[in-house]
Amino acid sequence: MKDEVVSEEQNFRPKLKAMETILKHWSRRKLSLKGKITVINALVISLIVYPATVLEIPNSVLHEINDIIYAFLWDGKRPKVAVKVIENTIKLGGLKMPNIFLKVKAWQLSWLRRALKNPENSWVCILNSIIHKVKLRDLILGNLNKNDKFLQCVPTFYRKILCTLYDMKQAKEV
């Protein structure tokens, strides 16, 4: 638990502060919703791409990021458009507002694609040696679920990514 707190303080708190500072400066301008979304994508979301890709990001941090970007989008006032609508593509009547929760999941799931494309990479070999009873490839492509006992020996970061994959597979089946 202590390591998680330290990780959050060192890896995400400075990013959250930077986001608030950037958006405070941009809030002085009279931007359209599309302009604000461009600022969010280009200057705010880009701050967490790397840390969210390689570290476990606490849900509380994701909620805080979401609150920060939506407060900027609506100037701290009540939303005028439903979140699901504004997150839609332009073709579907939305403005392509990023969903930070889905973005982080997508970035983290990219590790699985890398593992399948390059199974000889040293990090994949190390992970395979840690979970020695089953190969990572089998965990990705197999019909396991997030309650499977094999997942207990997988490091937390990868276990959460695999659980996201299993949740997506299960949702697709329903």
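Leaving aside its neighbours within four places in sequence, Pro155 is in contact with Leu127 and Ile130, where contact means heavy atoms within 4.5 Å. Pro155 and Leu127 are separated by 28 residues in sequence, and their C-alpha atoms lie 8.2 Å apart in space. The place of Pro155 is in the loop between α7 (136-141) and α8, the helices here being DSSP runs of H or I with at least four residues, and strands runs of E with at least two, numbered from the N terminus. Pro155 counts as partly exposed because its relative accessibility is 27%, given that buried means under 20% relative accessible area, exposed over 50% and partly exposed in between, with a 1.4 Å probe and protein chains only.

The structure is a predicted model, in which local features need pLDDT of at least 70 and side-chain atom pairs count only at pLDDT 80 or more, whereas totals for chains, interfaces and linings use all residues. Residues are numbered from 1 along each chain as its sequence is written, and side-chain values use heavy atoms, with hydrogens and water left out.

The chain holds eight helices and zero strands, and from the N terminus on its elements run α-α-α-α-α-α-α-α. Along its principal axes, the C-alpha trace spans about 60 × 40 × 25 Å. Of the 174 residues in the chain, 34% are buried. Among the contacts with a separation of 6 or more, 64% are accounted for by residues 24 or more positions apart.

A search of the whole structure finds three aromatic pairs, defined by rings of Phe, Tyr and Trp (its six-membered ring) whose centres lie within 6.5 Å, with planes under 30 degrees apart counted as stacked, over 60 as edge-to-face and the rest as tilted. One of these is the stacked pair of Trp123 and Tyr158, at 5.8 Å centre to centre and with 10 degrees between the planes. This pair links distant parts of the chain, with Trp123 in helix α6 (residues 122-130) and Tyr158 in helix α8, 35 residues apart. Phe157 and Tyr158 form an edge-to-face pair, at 5.2 Å centre to centre and with 85 degrees between the planes. Both Phe157 and Tyr158 are buried, the latter with a relative accessible area of 18%. Trp111, Trp123, Phe157 and Tyr158 form one aromatic cluster.

Helix α8 also contributes to the largest pocket, to whose lining it gives the most, with five residues. A pocket is here an open set of points, on a 1 Å grid over the protein atoms alone, where a 1.4 Å probe fits, with protein on both sides within 12 Å along at least five of seven lines, and its lining residues have an atom within 4 Å of a point. The volume of the largest pocket is about 400 Å³, a volume being the space filled by probe spheres set on the points, which are joined across faces, edges and corners. The pocket is lined by 15 residues, of which Ile57, Asn59, Lys105, Lys160 and Thr164 lie nearest its centre. The helices α3 (59-73), α5 (100-117) and α8 each supply at least two residues of this lining.

Thr164 is found in helix α8 (residues 156-173) and counts as buried because its relative accessibility is 16%. Not counting residues up to four places away in sequence, Thr164 touches Lys105 and Leu109.
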